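Let's take a walk through this structure together, one piece at a time.

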Amino acid sequence: MNFTLHVWRQKNVDSPGQMVIYPARDISPDSSFIEMIDVVNSGLAEKGEDPIAYEADCLEGICGCCSMTINGIPHGPGRGATTCQLHMRSFQDGEHIYIEPFRSAAFPLVKDLMVDRSSFDRIIQAGGFISVNTGGAQDANSIPIPKDDADLAFDAAQCIGCGACVAGCKNGAAMLFTAAKVAQLARLPQGQPERYRRVVHMVETMDNEGFGSCTNQYECEAVCPKEISVRYIAEMNRDYIKAKLCK
Amino acid sequence: MELDSKIPSGPIADKWTKHRFEMKLVNPANKRKYDVIVVGTGLAGGSAAATLAELGYNVHAFCFHGSPRRAHSIAAQGGINAAKNYPNDGDSIHRLFYDTVKGGDFRSREANVHRLAEVSVNIIDQCVAQGVPFAREYGGLLDNRSFGGAQVSRTFYARGQTGQQLLLGAYSALSRQIGLGKVRMHVFKEMLDLVVVDGHAKGIITRDLRTGKIESHAAHAVVLATGGYSTVFFLSTNAKGCNVTAGYRAHRRGAAFANPCYTQIHPTCIPQHGDHQAKLTLMSESLRNDGRVWVPKKPNDPRRARDIPEAERDYYLERKYPSFGNLAPRDIASRSAKEACDNGLGVGSSKRGVYLDFRDSISRLGKDAISARYGNLFDMYQRITDENPYEVPMRIYPAPHYTMGGLWVDYNLMSTIPGLFVIGEANFSDHGANRLGASALMQGLADGYFVLPYTIGDYLARIPSTPITAGSEHAAAASEVTKQTEKLLSIDGKRSVDSFHRELGMLMLDKCGMARNEQRLKEAIEQIPAIREEFWENVSVPGSGAELNQQLEKAGRVADYLEFAELMCRDALMRNESCGGHFREEYQTADGEALRDDENYCFAGAWEYTGKGNSPKLHREPLVFENVPLAIRSYK
């Protein structure tokens, strides 16, 4: 298959960026999107030109590195998948494909298709944990957890921290990301002691990092490669209000 | 170089307890005077950095990703072993110890393995306390499943994403310490050299991947948790960024590298589909709990799987290993698949594949039950191959997956360089010549949460706590790193870095892969230097060193692989026996099983670097089996 790529090239956060056109030729329909870019990059490297910078690592949709907006959609067409799980058979032969980074004020650009998502780490550092030191934990089975709660906690815990939810949101909100962690821990008995303190700290950090607010468009859920439900945002809001009122 | 394993005396079950008492402690008020560098923030490094900070040390953690949550531990699917015996099926610490020693084909260190089995139970407690959402029964208690190489159900799991959930647990503990200011996290920084001062590890040199700045970092001790080297084969189940650079550069500074030829080829991966493929995808071994492996009895059978009647299928694992069946250990399952394909029985367009069939489990348990167990894996398979595994059998083939070899460490996890500790997949000690499924997560977390935090104290308590800063040794190492970077950028050749990596990988897979022999290993030892020479004359690394330059990053890693691969082949050639993942065609039984030579090769082979262009020197650590008698490893 052959494609025409329109790729966002930007040297660094201070330089201006622009779309640059590259042909991608003789691509197997079974290639993943990342493998297709690697073919283009090998060609560029052999000509001594600067290859397209991008992040991708595990290539099986779990590390959360890939951060490409393809034809206007974070991670491209196809639901419940990351860029590295997207295969070229999802595109038409001869198609023009537009590739940009995940754009958000809270994700400063590093280069080309790579952004700095350490704002997500700072949200977790503010409270996305249970304060338990190594050692001293009680026997694992001394805390029975109803299977339904464990399953719902797991559904939320699947977040890979890629940032598609932010890139897909017109407000650049990180509500789905933050809520997934808040809800995971709020569902579990282990998470109760810090439940309200946690939600306040995480939401405040989220606001301070420059993320926007939720206006219930649910674009985040639509583009989330792990299909995390927006219901967790409602759960986070409820806990946040409770925490603020009870203070 | 002397290899002193420092195994404590006394009965195996008491060694660790006794040793913990005998080790020196650092006074709580003094701990903050010690700086510790932890390189790598996967399961081992993340858990170690968090735990050391909780204890009070000043920790500097480094990763080359933009966040510690991206380490490749995250991709582990199946589960984590622990001798909890919750299912009441006869498990015990001793049985987990026994299974792991036997699974490793008697090439691991008994004392380390026993300690691993002992602390396995604490890991589960710790992770549950952190909020890791393990699978549960309706009664609210934890669920277990069985895994290859064991006849008890001791594997804890979180759907097919156990590694992700455990890593996020360690990451949350680490994040808490970063938030408290006890860990300084350095992201986008790649370690490019180890600094040794007066024989002790005292720091590292890193390159900031965003700005290209070469930086020196000083500390009282250095911990490497930098994973394995399966990407030496180019195509493997590992993430693209996995590499041997940190370990290999420490090796060049004096750390012995043990058993580099022990590599694990995982039996259940999606077969290769084309020449531009960047990696192979693993399908969790847990699938073998309910899937049956088979090939057609007739070579080159053109029929679709569904049209081949029962009598014309060879369920070869069930036939050859009736007591373990489809749950035979990885090395055995992989070799059997290769053998079937070598005999022309392979399936799929490349003929390098065997079936993993769920038809019988689906009719026995129903589609919903199978979907609840493996839903995400089935989806992943369908997404990649465009085939529905609920309808047609999966096609699988072995792929490089894990490396049991690594930097040599003593019982305290310290390398041959005092002050340099190595944990997780990066060290060599616990899995011998073959790792059992669900044991990598166990070892990474055992080292990071429960072993290193004790043993590093014993080292630190013996050295002064005076503040440490970068000195002339740091400056010299940094200037070497700068020189190599400049050299790579100046070659201006015609071939991409990937093309060299791919060429090396194909060579290694062919000559030092699932089956090896003397002649092919010797050919590899001749051919690798030629590729290396061409690399240094004809590689193209565009751009500059003063910016983000991913080709430059890769070039440095491939340059190290071009040296390391030769060491692997030398190790494989030296070991005139077959054991675990190391299968030498000359050494096999009449029915094709691995033939060990305990008389001559019951040792860990640790290689000393003797300078550029010189042959490495072999040191032997004898392995003594007092608790699990040396026996032929049979799964029949």
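How far apart do the C-alpha centres of domain 1 of chain B and domain 2 of chain B lie? The answer is 30 Å. Before going further, bear in mind that this is a predicted model. To find those two domains in the viewer, colour residues 266–401 of chain B for domain 1 and residues 472–601 for domain 2, as the domain assignment has it. Where they touch, six residues come from domain 1 of chain B and six residues from domain 2 of chain B. On the domain 1 side, the biggest giver is helix α9 of chain B (residues 330–342), with five residues. By class, that side of domain 1 of chain B has one nonpolar, one polar and four charged residues.

Now for a strand of chain B, β11, which covers residues 263–269. Seven of its seven residues are buried, so β11(B) is largely enclosed by the rest of the structure. Its antiparallel partner is strand β15 of chain B (residues 394–403), and five bridges join the two. To see one of these pairs, pick I265(B): its bridge partner in β15(B) is P400(B).

Helix α14 (residues 497–512) and helix α15 (residues 518–538) of chain B pack at an angle of about 175°, and their axes are 10 Å apart. Anything over 145 degrees counts as roughly antiparallel, and α14(B) and α15(B) are therefore roughly antiparallel to each other. From α14(B), the residues in this contact are F500(B), E503(B), L504(B), L507(B), K511(B) and C512(B). They meet R520(B), L521(B), E523(B), A524(B), Q527(B), I531(B) and F535(B) in α15(B). Sorted by class, the contact of α14(B) with α15(B) has eight nonpolar, one polar and four charged residues.

While you're on α15, find P529(B), which sits in that helix of chain B. Is P529(B) partly exposed or buried? P529(B) has 13 C-beta neighbours inside 10 Å, so it counts as partly exposed. In sequence, P529(B) and G613(B) are 84 residues apart, yet their C-alpha atoms are 9.8 Å apart in space.

Three strands form an open, antiparallel sheet in the order β6-β7-β8 of chain B. The edges belong to β6 (189–197) and β8 (214–218) of chain B; each has a single partner strand, so one side of each is left without a neighbour in the sheet. On average, neighbouring strands of this sheet are turned by 25° against each other, direction ignored. Between β7 (residues 200–208) and β8 of chain B, which run antiparallel, there are five bridges. One place to look is R207(B), which stands opposite I214(B) in β8(B).

Over to chain A, which also divides into two domains: domain 1 (3–111) and domain 2 (118–246). The C-alpha centres of these chain A domains lie 29 Å apart. Their contact takes 20 residues from domain 1 of chain A and 16 residues from domain 2 of chain A. The side of domain 1 of chain A that touches domain 2 has ten nonpolar, eight polar and two charged residues.

Chain A has an open sheet too, with five strands in the order β2-β1-β5-β3-β4 and mixed pairing. Its edge strands are β2 (18–24) and β4 (73–74) of chain A, each pairing on one side only. Strand β1 (residues 3–9) of chain A runs antiparallel to β2(A), with seven bridges between them. In that pairing, H6(A) has I21(A) as its bridge partner in β2(A).

For a helix pair in chain A, turn to α5(A) and helix α8 (residues 231–246) of chain A, which pack at an angle of about 70° with their axes 8 Å apart. That makes α5(A) roughly perpendicular to α8(A). The residues of this contact divide into ten nonpolar, one polar and two charged.

Finally, where do the two chains meet? In all, 64 residues of chain A are in contact with 64 residues of chain B. On the chain A side, α1(A) gives the most, with seven residues. That side divides into 30 nonpolar, 19 polar and 15 charged residues.

Note on methods. Residues numbered from 1 in each chain as written. Chains lettered and ligands numbered in written order. Predicted model: local features only at pLDDT ≥ 70, side-chain atom pairs only at ≥ 80, totals over all residues. Axes fitted to C-alpha atoms, helices over the stretch in contact; angles between N-to-C directions. Helix = DSSP H or I, 4+ residues; strand = E, 2+ residues; numbered from the N terminus. Parallel < 35°, antiparallel > 145°, perpendicular 65-115°, else oblique. Contact = placed C-beta atoms within 7 Å. Nonpolar A, V, L, I, M, F, W, Y, C, P; charged D, E, K, R; others polar. Pairing = 2+ DSSP bridges. Buried ≥ 20, exposed ≤ 12 C-beta atoms within 10 Å, placed from the backbone. Domains from an automatic or database assignment.
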